[in-house]
Amino acid sequence: MLDEELISWIADSESWHTHINFELKDQSFNYNFLDRSDDFYISLVSKLFDVLDENISLDINDKKEIFLLGKGLEIYSLENTRDAFKGVDYSTNMLLVASLYYISGYPTTSFILMRLFEVKQFKTEIQKFLYCFLSRNMYIENTYTSYLYEYLNTGNQTRLIELINVFRKMKELSMQSDPEDYVYFKISLYLIREFKCNNIWTDIKQNLKPDEDLDPWNNYISRKLFQNPSIWSFFHSQREALSKGILSNEQSYTLKMPTSAGKTAICEIIIYQHFLKQQDKKMLFLVPFRALAFELKKNLVPKIKNLGIISKVLYGGSHSIASDYESIEDVNLIIATPESFLSISSLLPDIENMINLVICDEGHLLIDNQRGIKYELLLSKMKNKKDPVRFIYLSAILPNIDNVNQWLGGDQNTLVTSNYKPTEVDIGFLTPNQFNNFNLEIKTFNNKILNYQVGNLLTKNDFIFLNNSTGRLNTYKFNSIKSRTIAIAVKSLNMGPVAIFTPTKGSNGIEGLAIELEKQLRHNFINLPKPSKYARMEKMHNLSTFFEVIFGSEYLLTRSTSIGMVYHHGDLPQNVRELIEEAIRNKDVSMMICTSTISEGVNLPIKTLLIHTTRIKSFNGKYYQDINIPKRNLKNLIGRAGRAGITIKGLIIVPNHKDFDIVEETMLNKGIDDTDGPLSEIIRAIARTIYTKQIKLTNTLLENQNENILKIIDDIDSSIISILAEEIKEDELEDIINELIKQTYAYLRLNSNEKEILKTVFNERGKKIKNYVKSNDYIILKKSNVNVRFYEQVRNYLDLDNDIWFTTDTPVMREWIELITQMVFNIPQINIELVLFNDRNNCNLTREDFMKIIDLWLKGYWYGEISLEMNLSVDKVLRLFNTVLNSFQNISTGIIKIAENLLVENDKALSESILSWPRFLSHGYSEKIQLDLHSSFTNNREIVIFISKVANQFHFYYENKNQLINLLIERREIILELSINNMSKYSYNELVSVLEILE
């Protein structure tokens, strides 16, 4: 047991270390351990010997103490603190530190710290062995590493047993002859004994079925050992999943683990095992967002490709395009959002029958108010299949995940819950002190006895600037949360990448914070660093030139990027968000302001996360009031700080005292309410109304509700239609619907009266659909992947006798744009959206304005140019694209699909320009060559439009995409010569890179 004085010194050392990390200039604080640093060091090392006895097994409290010893010792070795101490060899001391972190359950921290050093800094053979082991370096040869290498290559435990015996013998010998080596033999012995039980060989092979073929797993393990960074063992959270039988049991499993705890790695193992056993079947990896699909494409797909597993990533939304289902029958794994998978399954209904493993990542989508019902019904449909489907359901934040586990067919043995996070995360609360400055009160929730304070984190001196007009030093006012948040953010940059979370985009959110940063930089504070110091500014300037093309030179993101800061929110185009994520991931920029979009499953190397505020404005029907964002959303956000394998610690800073309670409660998992999802909630609401008012529930009643209820009815209709075969008998319909009802999560969670309401709602919709089953319209409805309400609205005015459906030869044909706009605006929903947009944005856009915007977009105009043409701010244009234009695209796609399927029945076909029109609209193109370039060359719109102009100028002729690529290679020099002064530097560099890859 550590004594109170030693714990106090360790806490002081953490405070001092954080003080150094922030580069605070105030040295007035008295840290007692600094005056007695030799005593502090000796005490820490002495305690190390007390706890590392090979005959004693360590419990969780022991490991917490070992962790504390590592915290105390690390300051004697880290580059920015070690010069304060004399007489300690910082390299060999780091062997002790890294060993302690490894033993206490933080192997990635151990790995990162050891990789700060080189093997040449260690003198003896045992020191080099320890360095090799802790840094996972396979290429250092000495007396002891040969045993380890042979084990890693073969999995033969005899070699580890032999090594353990050698270490026992050498430990005894060195006790007399070399006390220093004794320390390292003692530690090495302990580490290898632990490693013998917990490593990739034992964890996989001991948890497979007894009769499973081991040869393919030898290949898998070998690849993991030799990848970069290599994997020698699993996290505690991963071992828990393996020990619960996730590889030896074919039941469905539910995993609740924090962000960065290794869920994707577990999925990779499951995918590989499924591939080995059932290559005739497919796997579905469901992700909630395109950004996460994109990340899996970059990280997971290449790894499993090396194992022989073919993947396809579906980026589309609710309507697929031809490239989505090309070769899909040949793939083993489909990665898709729920909407894109539903779309593809409407075109290829047999694809669902090929799937018997469904992985649900970020499974809390189930409780999302907008998309949760469709997600629940998709999983219900998969559960309802004749052949059983195995589910692997993952979530870091779903509170009542045991209920979901039960719904998916699991039991207490298939529920894996872990609070383990491989990176330490602390939370700091900004508090005023008696000198009108601000301290940071840091709470370490993993080890509460280590709470400490960083004094004077923010002071008046931080805001001193030279007034050029007077020549005097002045102090900038820092009495707002906004000004303090920005100042703390730039002070934190010395420790690594910083993200500021704010829930809104406007003057009280991203915009206000970004402008505050500009203001502070204009004042040129003497004592605060600049974000540009921590960015690769050449790359940032290049990116800024690209944003200037897209948004204009005066747009806030363009300006922010040029000073070394980026921001990220949902109104930005998807490709721009991906560029920003990539810049953060590559450490081209270290400061970002973001909304909750950054918590959508995307893993970024964020060291420090500032929570500007947890409150948003909400209209309660009479007035706006401040409400907190849901705690489960906040918990997901907090998990983004401290990425395993990237940093040794994450730090969350809360500048506003009004947010202290909710953040602390969230960290302690207090008050995170259970939820049964939006389908259960709406059924309960309907049940209360029905029983209170004593009215009968009918289709007429359902179809006369508000738009929110109607959207839920649409989702129910779509789900019923999707489970029905193309050839369905009327008398089978009710039984099929009732079986679907029983598979829903809502059915599990509702009481008996509520279940009756659920059945009534579904069966009433079944009656509606039955009318379509009687006619040929049902097939059109199913193939078009639209709901009943939409189909009825479109059929009322769709005129397929108009020659324009067959003669349109360009997507910018005026008559076609007028016709499709008229048809889209015949749908009530988009008129509602346009009214809401005008109200919320103080605009007065008409249908004609909307047509003009579409025309400009198709002709290659960018958002900044459209804003000038329409006299709208760029932000309003982006918001319009993200709301009304997005709906316009979905509606027009549905209309075209209905028209296409109706014409097929009469052996007619739409013109190619109309069939491709949704893609033209989505990407902002007007020529076929642009679509071909987008799908086969690059999705950079600036490059695509430029090359299409070159192609027209030089009369490129091609019959297929391969010929087009060959033309680009042949004309490489002329393309580059013409482009160097005619596109942004960013796009030019990308063009050069893509052409080099083609060659």
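Which residue's side chain meets that of Lys928 in a salt bridge? It is Asp932, with N to O at 2.8 Å. That pair returns in point 5; here are some friendly notes on the rest of this predicted model.

1. **Overall build.** The protein has 47 helices and 19 strands. Its radius of gyration is 31 Å, close to the 30 Å that the globule rule gives for 999 residues, so the protein is as compact as a globular protein of that length.

2. Of the 999 residues, 58% count as buried. The protein exposes about 42200 Å², and carbon and sulfur atoms supply 46% of that area. As for contacts between residues at least 6 apart in sequence, 70% join residues at least 24 apart.

3. **A salt bridge across the sequence.** The count of salt bridges comes to 46. One to look at is Lys71 with Glu424, whose side chains meet at 3.1 Å, N to O. Lys71 lies in helix 4 (residues 60–74) and Glu424 in strand 8 (residues 424–432), so this pair ties together parts that are 353 residues apart in sequence. Both Lys71 and Glu424 are buried.

4. **A pair within helix 32.** Glu756 forms a salt bridge with Lys759, and their closest N and O atoms are 3.6 Å apart. The two residues are separated by about one helical turn, because they sit 3 residues apart in helix 32 (residues 752–773). Glu756 is partly exposed, with a relative accessible area of 42%, and Lys759 is also partly exposed, at 24%.

5. **Back to the opening pair.** Lys928 and Asp932 are 4 residues apart in helix 43 (residues 928–936), so about one helical turn separates them.

6. Elsewhere, salt bridges that share partners join Glu14, Lys71, Glu74, Glu424, Asp426 and Lys649 into one network.

7. **A nonpolar patch on the surface.** Which residues form this patch? They are Leu466, Leu473 and Ile526, which together have about 300 Å² of accessible area. Leu466 is found in strand 11 (residues 464–467). With 44% relative accessibility, Leu466 counts as partly exposed.

Technical notes
Residues numbered from 1 in each chain as written. Predicted model: local features only at pLDDT ≥ 70, side-chain atom pairs only at ≥ 80, totals over all residues. Heavy atoms only, no water. Patch = residues over 30% accessible without salt bridge, like charges linked within 9 Å, V, L, I, M, F, W, Y side chains within 5 Å. Areas by Shrake-Rupley, 256 points an atom, 1.4 Å probe, with all protein chains shown as cover. Salt bridge = Lys/Arg side-chain N within 4 Å of Asp/Glu carboxyl O. Buried < 20%, exposed > 50% of the residue type's maximum accessible area, 1.4 Å probe, protein only. Rg over C-alpha atoms; globule rule 2.2 N^0.38 Å. Contact = heavy atoms within 4.5 Å.
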